[in-house]
Amino acid sequence: MPTETAARPDWDRLYQVAAGQRGLFTTRQAGRAGYSPQLLNHHAKAGRIRRLRRGVFRLVHFPASDEEPLVQIWLWADRKAVFSHGTALLLHDLSDVLPHRVHVTLPTSWIKRRLRIPAGVVLHHRPVSRRDLAWVGVLPVTTPERTILDCIEDHVSPEWVTQAIAQARARGLVAPDRLEELGRAAGLTG
């Protein structure tokens, strides 16, 4: 896929894009700021940027962030991924879950794509409506209600679902009547 390249490299423009993504950027985003793949390679050799994975780079002098591994995955998925399931439970602090893998939901149109999926990433393909989308920092994540529903539908541990419902109730994140419905769907209430 050809990269759109601006006439002259604009470091400030590249920095502005990267700043909103915890210091990370893609080859395509760099192209819009005037950086060809060859120029990116030059800056990587000079130590100004670091290649993290194919098509994803980091500004070396940008402060590190705990979100960086997730931002890398989001950029790998062309900013179409929404963090979901156990990963969303963690991001919303809805349970004690420490998932071993990162769960993302991608549009159903991505089912046919031939992807080299990063290690430790689990893909789900479903539409995520604006109503079901929230942001935690710079990361798109399913809302608490949608997260709980996804966990129920995909048979995530009942213990995690119970904790998530309790946390959502205690923090007022989901309407009480919806929590009752979710609890019934999970087989947690009579």
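Select Glu181 and Arg178 to begin: their side chains meet in a salt bridge, 2.4 Å from N to O. A salt bridge here is a side-chain nitrogen of Lys or Arg within 4 Å of a carboxyl oxygen of Asp or Glu. Glu181 and Arg178 sit three residues apart in helix H8 (residues 176–185), so about one helical turn separates them. Helices (H or I, at least four residues) and strands (E, at least two) are DSSP runs, numbered from the N terminus. Glu181 is partly exposed at 35% relative accessible area, and Arg178 is partly exposed at 24%. Buried means under 20% relative accessible area, exposed over 50%, and partly exposed in between, with a 1.4 Å probe and protein chains only.

The model is predicted: local features need pLDDT of at least 70, and side-chain atom pairs count only at pLDDT 80 or more, while totals for chains, interfaces and linings use all residues. Residues are numbered from 1 along each chain as its sequence is written, and side-chain values use heavy atoms, leaving out hydrogens and water.

**Arg126 and its partners**

Select Arg126 and Asp150 next. They form a salt bridge whose closest N and O atoms are 3.1 Å apart. Asp150 lies in helix H6 and Arg126 in the loop between strand E6 (121–125) and strand E7 (133–136), so the pair ties together parts that are 24 residues apart in sequence. Asp150 is buried, at 1% relative accessibility.

Asp154 is partly exposed, at 28% relative accessibility. The count of salt bridges comes to 12.

**Two positive phi angles**

Move to His155, in the loop between helix H6 (144–153) and helix H7 (158–170). Its phi is near 55°, a positive value in a residue other than glycine. His155 is exposed, with a relative accessible area of 72%.

Then select Arg79, in the loop between helix H4 (68–76) and strand E4 (82–83). Arg79 has a positive phi of about 60° and is not a glycine either. At 45% relative accessibility, Arg79 is partly exposed.

**The nonpolar cores**

Select Val71, Ile73, Phe83, Val102 and Val104, the residues with the most contacts inside the largest nonpolar core, which has 22 residues. A nonpolar core is a set of buried Ala, Val, Leu, Ile, Met, Phe, Trp, Tyr and Cys residues joined through side-chain atoms within 4.5 Å. The elements giving two or more residues to this core are H4, strand E5 (102–106), E6 and strand E8 (139–142). H4 gives the most, with six residues.

Centre on Ile73: leaving aside residues up to four places away in sequence, Ile73 touches Phe83, Val102, Val104 and Val121, a contact being heavy atoms within 4.5 Å. Apart from this core lies another, of 14 residues, among them Leu89, Ile152, Ala168 and Leu179.

**The second largest pocket**

Finish with Lys80, Ala81, Val82, Val128 and Leu133, which lie nearest the centre of the second largest pocket, among the 15 residues lining that pocket. On a 1 Å grid over the protein atoms alone, a pocket is an open set of points where a 1.4 Å probe fits, with protein on both sides within 12 Å along at least five of seven lines; lining residues have an atom within 4 Å of a point. E5 and E7 are the elements that give two or more residues to the lining.
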